[in-house]
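Me: I would like to go through this structure with you, one question at a time. Shall we take a look?

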Amino acid sequence: MNLVENQAKSHGPDASAEKPAPTGQKVINLALQGGGSHGAFTWGVLDRLLEDERLSFEGITAASAGAVNATVVAYGLAAGGRDAAREALRLFWKRLSDTASRGIMQPSFIDRAQGNFGLEHSPGYLMIHTLSYFTSPYLYNPLNLNPLRQVLEETVNFELLRQRTAVKLFLCATNVRTGKVKVFRSETIDVDHVLASSCLPLLTQTVEIDGEAYWDGGFSGNPAVFPLVYECGSRDVVMVHLTPAERPEIPATSYEIMNRMQEISFNAALIREMRAVAFVTKLIDSGRLADGKRMLIHLIEAEDVIRHFPGSSRLNNDWEFLTHLHNIGRDRADTWLAENFDKLGVSSTVDLEEKYF
């Protein structure tokens, strides 16, 4: 039994029991994007949303770092409710930072002096980045060592997560052979499913589950929204958007070009789904789809923040950087709640045509 479950147990035998939503509480779904260390922004958003007793959570769809956050939250809710979920998130990110502090991917004194949280002058980052051009993780990491596995296993009791569902969990991965999105659900999820959703193939070996090979869910759905449409009753989807859809400058260096290629790739599937949602909404409004389900889309985004960080910052797990992003995420969520809470269940708070067309 880990720290989160110990804390839940100390609050009594029913601390982890799922309770019905109080009258007047608004039920929402969450859609969490990936982004490596930038997922600490999502940690901050979730920390603030979990604090608000006016909200209840039905489903979470997520990919990559979003899948990590989603899994930790779902486990915390199952183990001991909101406070346990908040503590599990804090514990995960602190353990991840502590583990990274003993690795080779450290910001150099030049990186720290520049103040943009990049790793361009980190010897460890430069070595891995260079190796990824000329070889693969099957050669430079033949033992398939992945510190994320250990941190997840130390933080999450996956057996409890599968047996005591507090929220519907949908983790997105990409089938390497077919290129299609694969959605893993609460009752099957273990550490390999989370690693599959966050598998960047130039950095970690392909994750195999039941004879199929999987890469990061961001390639095919970042995240996929359709599970929330078909398998959840709530129409409200609060999306935490990390990957910049737009950049005013044209990338020129190889670092910038590769970073922008990944951003475009990781946004493509989401943009297609949001366009489909907008199209269905138009059909409903025009009366041509009387029985359609109108989804209400909301957005808490970090695009303007992430644009100022170099792509290498996605691998920076320095505690100062993670807590910086966490604090920004909490502030953004607090502002969003103040401005938009009353619109939940009533209308979307993002113009889909303006945002995604």
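Me: In which loop is Ser122 found?
Reply: This is a predicted model, where local features need pLDDT of at least 70 and side-chain atom pairs count only at pLDDT 80 or more, while totals for chains, interfaces and linings use all residues. Residues are numbered from 1 along each chain as its sequence is written, and side-chain values use heavy atoms, with hydrogens and water left out. Helices (H or I, at least four residues) and strands (E, at least two) are DSSP runs, numbered from the N terminus. On that numbering, Ser122 is in the loop between helix 5 (109–114) and helix 6 (123–134).

Me: Is Ser122 buried or exposed?
Reply: Buried means under 20% relative accessible area, exposed over 50%, and partly exposed in between (1.4 Å probe, protein chains only). Contact means heavy atoms within 4.5 Å, and Ser122 touches Ile104, Met105, Gln106, Pro107, Ser108 and Asp111, leaving aside residues up to four places away in sequence. Its relative accessibility is 0%, so Ser122 counts as buried.

Me: Which residues does Phe117 touch, not counting residues up to four places away in sequence?
Reply: Phe117 also has its place in the loop between helix 5 and helix 6, and at 18% relative accessibility Phe117 counts as buried. The residues touched by Phe117 are Phe309, Ser313, Asn316, Glu320, Phe321 and His324.

Me: What lies 3.2 Å from a polar atom of the side chain of Arg247?
Reply: Arg247 sits in the loop between strand 7 (236–241) and helix 12 (254–285), and is buried, with a relative accessible area of 17%. Arg247 touches Asn259, Arg260, Glu263, Ile306, Arg307 and Phe309, again not counting residues up to four places away in sequence. The atom at 3.2 Å is the backbone oxygen of Arg307.

Me: Why is the pair of Phe184 and Tyr214 edge-to-face?
Reply: Rings of Phe, Tyr and Trp (its six-membered ring) pair if their centres lie within 6.5 Å; planes under 30 degrees apart count as stacked, over 60 as edge-to-face and the rest as tilted. A search of the whole structure finds 10 aromatic pairs. In this one the ring centres of Phe184 and Tyr214 are 5.3 Å apart and the planes stand at 80°, so the pair is edge-to-face.

Me: Which strands hold Phe184 and Tyr214?
Reply: Phe184 counts as buried at 5% relative accessibility, and Tyr214 counts as buried at 5% as well. The pair links distant parts of the chain, 30 residues apart. Phe184 is in strand 4 (residues 181–185) and Tyr214 is in strand 6 (residues 212–216).

Me: Which residue lies over the face of Trp319?
Reply: Trp319 forms one aromatic cluster with Trp43, Phe92 and Trp93. A charge sits over a ring if NZ of Lys or CZ of Arg is within 6 Å of the ring centre and within 35 degrees of the ring normal. At 5.5 Å from the ring centre of Trp319, the residue is Lys94.

Me: Which helices do the buried residues of helix 8 pack against?
Reply: The buried residues of helix 8 (residues 147–155) are Leu148, Val151, Leu152 and Thr155. They cover an arc of only 100° around the axis, which puts them on the same side of helix 8; the arc is that of the directions from the helix axis to the C-beta atoms. Their packing partners are helix 3 (65–80), helix 4 (82–100), helix 9 (158–163) and helix 10 (191–197).

Me: How many disulfides does the structure hold?
Reply: A disulfide is a pair of cysteine sulfur atoms within 2.5 Å. The sulfur of Cys172 is 12 Å from the closest cysteine sulfur, in Cys232, too far for a bond. Cys172 is buried, with a relative accessible area of 0%, and Cys232 is buried at 5%. The number of disulfides is zero.

Me: Which residues does a cis peptide bond join?
Reply: Most residues other than glycine have a negative phi, and most peptide bonds are trans. Here omega is about -5°, and Pro223 is found in the loop between strand 6 and helix 11 (226–231). The residues joined are Asn222 and Pro223.

Definitions and conventions: A polar contact is a pair of N or O atoms within 3.5 Å; within protein, one must be able to donate a hydrogen and the other to accept it, and residues adjacent in sequence count only if both atoms are side-chain atoms.
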